[in-house]
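Me: Please take a close look at one part of this model, the place where the two chains meet, and describe it in one connected account.

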Number of protein chains: 2
Amino acid sequence: MPQESLQALFSLFVVFAAAKVGEEIFERLGQPPLVGQILLGFLVGPGALHWVAPSPVLDFMAEIGVIFLLFETGLETQPEEILRYGYLSFAVALLGVVTPFVVGWWFAAAMGENAVTAQFVGTLLVATSIGITAKILEDFGATHTAFGHVILGAAVLDDILGLLALSALASFTSPRVKVANLLLTVAFVAGFVVLVLVLRRTAFPRVTRRLRDLRARAPIWSTALVLLLGFSAMSAYIGMAAIIGAFLAGMFVSERRDVAESVQAQASAVSSFLVPFFLANIGLRVSLGTMAHGHGLILLAAITGIAIATKLAACSLASLPLGRRSALLVGLGMIPRGEVGIVVAGQSLRIPAIPTSYYDIGIGMAVLTSLIGPLLLRLVLRPQRRPSVPGVSGRRVLRER
Amino acid sequence: MPQESLQALFSLFVVFAAAKVGEEIFERLGQPPLVGQILLGFLVGPGALHWVAPSPVLDFMAEIGVIFLLFETGLETQPEEILRYGYLSFAVALLGVVTPFVVGWWFAAAMGENAVTAQFVGTLLVATSIGITAKILEDFGATHTAFGHVILGAAVLDDILGLLALSALASFTSPRVKVANLLLTVAFVAGFVVLVLVLRRTAFPRVTRRLRDLRARAPIWSTALVLLLGFSAMSAYIGMAAIIGAFLAGMFVSERRDVAESVQAQASAVSSFLVPFFLANIGLRVSLGTMAHGHGLILLAAITGIAIATKLAACSLASLPLGRRSALLVGLGMIPRGEVGIVVAGQSLRIPAIPTSYYDIGIGMAVLTSLIGPLLLRLVLRPQRRPSVPGVSGRRVLRER
């Protein structure tokens, strides 16, 4: 009927089918499936075949896809697991934010770029993608390992630090962002997280008991969805990424084992539908515009190299107390910049002082680190589909029906 | 982060929570839950509290919501069930399309409206909402009754006839729509339906056997999703509503009982998330603009009355061979105009010859018939949550976990 609706449906079909084909191929090659999903997204996108173009509909599907991905990760996570290695996560996040920021800034300044551009390049390299990281942990069955907990905690913290850095960058466009506002954001974030963790222990178990009296369809699942959407909107409102709210909602529900298991099976059905859009949409963003001539390519290679080397070195160093092998895994796991890098790159278009070529370079760096990180991890770690803890195999059960 | 994303998340949260509250209240009142979902959508929308406004994001969620609703209905339907009463469905659809069209046209002409407006009013009254009808059958547990099969078959056929009427109306805006094109559309539609039904028996069982060898996550569910998106896009491409493709995709998969059952559980998880948006979004469309003064209200009442009386009389008459009670149920089930009426009303804004007040009247009629139809049905039929055929209780199993 309406033309837009046909185009939207066609792009959903192509992108979903492409992502699943990429996943299948990479599973068969023994490589991380998420890499295949990103690459096939690139293949059908404007960078290669151009069957589909980026669109608000695909961006929206990607956004709720990563929300469900983090919700699922939260469902499998007890806050205690994250807090046990809290000090390590904090060290990894802090060192892993400062090092790429300083080196990136220094590099751009040394290349003769202006101060705003130098700050942009630093900001671009700051934040690890929680979405990609969560997917890596899922693909490698490493959600319940010590290094998995450190990566997850550090990725959440560094996303918060990354958003603060982004706000500082945004002060070039709207001068109203001040230090006081940043501190207020930090206070809100801390308050929200503490509130969620307290309510989880106190109010949630009492409420759950009454859920079974509800007459509406799928009462438990529906309540989980209300919490998911509410926490995500609340996070975005106080200045965090929505996905952190989604992760908190998952952890909130995970308090009751029986509730978590029933919700897991259903969240898994939704995320099997939505997460491929998140991954393929990252590849879809790449167009080879500026990259065509040599200078752009060299700059991209240099910045990607810095992105990988600084994160790897800083995060491995900070997590050495876990042992050398685990420290290496933490460093590798923190490399991908994914959707966070893409968001920061997008901001560059609003700031006139930054050369437009840096948009393509930012996108390229975000995608390359998301591909190289998991591939390097794969060299150290064998992929493992079964969850490492028995009893959290909701997905497995559905798969084998 | 981006302002649009926060607003989108907030509206998803409000609309979903409102729809679930409406469902719960109407379940407790022993009334059709879909009526509660539409009414609560109205309550939070611009017609009342104005917490959220209609937006592309909500429209998109509603659209994929109704796609999953029809997919679910298709999963529970064997084509033979529909075809067994095919002759009755055809009679119900044809008489139920012609009568409201002629009476609506005559009424508007008698009121002194111009020829285009008269044709618009006729077209507005033509098509029953498949989405609302499918939801009614689900809520009343009537998917597997004889009158349920007649309603479903007739709703699908009359949607196709309604789209042809809409194309004829659209010829006032773009003069390129010709009778030859309409006939071509009919040929495509028939060809597509036959192709799907043939492949369902021949190719599908052979393909299914290989699905279990796939290594990608959730291979059966993913394949079902690829079919769903592909058939929906294909339907839209050849000029049918996308939801008819979704219904065909569901029937296609329902060929293999084991596949259908595993897919049903997962489709149910997705549609518990998405269908509330479809229902609440219908209520959200109502704003009381033109209705404020008396003339608009009287016209709305008259047109809604005609919409109800003509469908009820024509469809009951055509289905009399089923017996008087079932014939009454068919007539009542065909009353709701839902999303189809809203689409036709939207077209009026593109045609300058039609007074703008008819947009609000069209929306009002679509919403009122969607509320009154199920409420009248409820007077004749007790609600029944259990599916009437044992073994198709995927939803029930999930609910009781």
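Reply:

**The interface between the chains**

In this predicted model, 46 residues of chain B are in contact with 46 residues of chain A, two residues being in contact if their C-beta atoms, placed from the backbone, lie within 7 Å. Since the model is predicted, local features need pLDDT of at least 70 and side-chain atom pairs count only at pLDDT 80 or more, while totals for chains, interfaces and linings use all residues. Residues are numbered from 1 along each chain as its sequence is written, and chains are lettered from A and ligands numbered from 1 in the order in which they are written.

On the side of chain B that touches chain A, the elements that give two or more residues are α1 (3–28), α3 (56–75), α10 (219–238), α12 (257–284) and α17 (394–400) of chain B; helices here are DSSP runs of H or I with at least four residues, numbered from the N terminus. The greatest contribution to this side comes from α1(B), with 13 residues. Divided by class, the side of chain B that touches chain A holds 29 nonpolar, seven polar and ten charged residues, where Ala, Val, Leu, Ile, Met, Phe, Trp, Tyr, Cys and Pro count as nonpolar, Asp, Glu, Lys and Arg as charged, and the others, Gly among them, as polar.

As for how the copies are arranged, chain B is superposed on chain A by a rotation of 180° with 0.0 Å of shift along its axis, at an RMSD of 0.0 Å; that is the relation of a two-fold axis. The superposition is by least squares on the C-alpha atoms of residues with pLDDT of at least 70 in both copies. The same surface serves both copies, in that 100% of the contact residues of chain B recur in chain A. Of the residues of chain B, the one that comes closest to the rotation axis is B:Val270, whose C-alpha is at 2.7 Å.

B:Ala218 is placed in the loop between α9 (179–211) and α10 of chain B, and its phi is positive, about 50°, although it is not a glycine. With 22 other C-beta atoms within 10 Å, B:Ala218 is buried, the cut-off for a buried residue being 20 or more such atoms, with 12 or fewer for an exposed one and partly exposed in between.
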